Amino acid sequence: VIKCKAAVAWEAGKPLSLEEVEVAPPKAREVRIKIVATAVCHTDAYTLSGADPEGCFPVILGHEGAGIVESVGEGVTKVKPGDTVIPLYIPQCGECKFCKNPKTNLCQKIRITQGKGLMPDGTSRFTCKGKQIYHFMGTSTFSEYTVVADISVAKIDAAAPLDKVCLLGCGISTGYGAAVNTAKVEPGSTCAVFGLGGVGLAVIMGCKVAGASQIIGIDLNKDKYAKAKEFGATECISPQDFKKPIQEVLAEMTDGGVDYSFECIGNVGVMRAALEACHKGWGVSVIVGVAAAGQEISTRPFQLVTGRTWKGTAFGGWKSVDSVPKLVTDYMSKKIKVDEFVTHTLPFDKINEAFELMHTGK
């Protein structure tokens, strides 16, 4: 058993608490990882807020991390101690019908236990003050050591800087993949990206790599516009600057609507606007943001009857074990940006400050 520091969420709506936790050794088909770097994501904040129907407490959150394999359980063949890895919240077992289908990346092998905050055998590897602590998204990267299923880990280039590539564990891969895999943006197309946080910037990067000719960034926070333009946005607008609905503004700007739109906020009203901002006959709108529990989307069916397509994406459609190492290689060869997404680097004990920076849009 390893004793180490972890940020524990004892209950919903409260700040994380830095505690000493015990991390049990990996059982069969499990891997224990020393986490070197982790990022904070809105999904962590969403669960912490209490709005997540799957949220269990007390829990160790975190799902964007990178580290070194410390030990492996019986039967693990893909990684060994000393390997550099990224833990994966969407695993890839290679055996289930989802993994065998090229149309999806949603491996279901450990979905039920992962959703309950447990390892595949139905138990936890974390204890603190004599209490069982739940896992989160199969990763729990807000701990100096974590245990994950062997199908939830990608072995990456040992030379990769872990304080940067940890972002490929969720946000960057999700946004980039939404553009290149889910929407399959084509050269010369017009795109609109709603929400210019980390995921939105990654979508813009994907649209640019795919050769889009016009990429419109949409956000209420104008402080984000300069960064969006660095990533490839051709212009940025705020819905507050117009008297009419933003979908009408976009239709006028693009001669009838955009070819592709992306909702990167998790707001059902914006999801509708994003769909209706698409061009009749061929426009495709991709939902990337996660809306709160129980919310529903609406539009007039005529929007779809007249040729628009509404899609969603999880982890950018990447089959995780196969794709994450390639994304790291693409970053190392400067095909995709990662460093530019990092705004602040804080010590682990300032993790609550990191959440505050995220909530203030910084």
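Reader: What makes S1 and S2 count as paired strands?

Author: In this predicted model, seven bridges join strand S1 (residues 2–8) to strand S2 (residues 17–23). Pairing needs at least two bridges, so seven bridges qualify S1 and S2 as a pair. The two strands run antiparallel. One of the contacts to look at is valine 8, whose bridge partner in S2 is serine 17.

Reader: And how do you know that S2 pairs with S6?

Author: Set the count against the cut-off again: S2 and strand S6 (residues 126–128) have two bridges, and at least two are required. They therefore pair, in the antiparallel sense. You can find valine 23 opposite phenylalanine 126 in S6, and glutamate 22 has threonine 127 in S6 as its bridge partner.

Reader: Why are S1 and S7 called edge strands?

Author: Start with the order. Four strands form an open sheet, S1-S2-S6-S7, with antiparallel pairing. S1 and strand S7 (131–133) each have a single partner strand, so one side of each is left without a neighbour in the sheet. From one strand to the next, the twist averages 45 degrees.

Reader: Why is cysteine 107 called buried?

Author: Its relative accessible area is 5%, and buried means under 20%. Cysteine 107 is therefore buried.

Reader: What makes asparagine 267 a cap for H9?

Author: A side-chain oxygen of asparagine 267 lies 2.8 Å from the backbone nitrogen of glycine 269, at the N-terminal end of H9.

Reader: Which residues of H9 are buried, and what do they pack against?

Author: In helix H9 (residues 268–276), the buried residues are Met271, Ala273, Ala274, Leu275 and Glu276. They pack against several elements, including strand S10 (190–194), helix H8 (246–253) and strand S14 (284–287).

Reader: Where does the "Alcohol dehydrogenase-like C-terminal" domain label come from?

Author: From UniProt, in an unreviewed entry, which places that domain feature at residues 198–322. Over those residues the chain is 34% helix and 16% strand, and the end C-alpha atoms are 23 Å apart.

Note on methods: Residues are numbered from 1 along each chain as its sequence is written. This is a predicted model: local features need pLDDT of at least 70, side-chain atom pairs count only at pLDDT 80 or more; totals for chains, interfaces and linings use all residues. Side-chain values use heavy atoms; hydrogens and water are left out. Buried means under 20% relative accessible area, exposed over 50%, partly exposed in between (1.4 Å probe, protein chains only). Axes are lines fitted to C-alpha atoms, for helices over the stretch in contact, and angles run from 0 to 180 degrees between N-to-C directions. UniProt positions are given in the numbering used here, feature names are shortened, and annotations may be inferred rather than shown by experiment. Contact means heavy atoms within 4.5 Å. A polar contact is a pair of N or O atoms within 3.5 Å; within protein, one must be able to donate a hydrogen and the other to accept it, and residues adjacent in sequence count only if both atoms are side-chain atoms.
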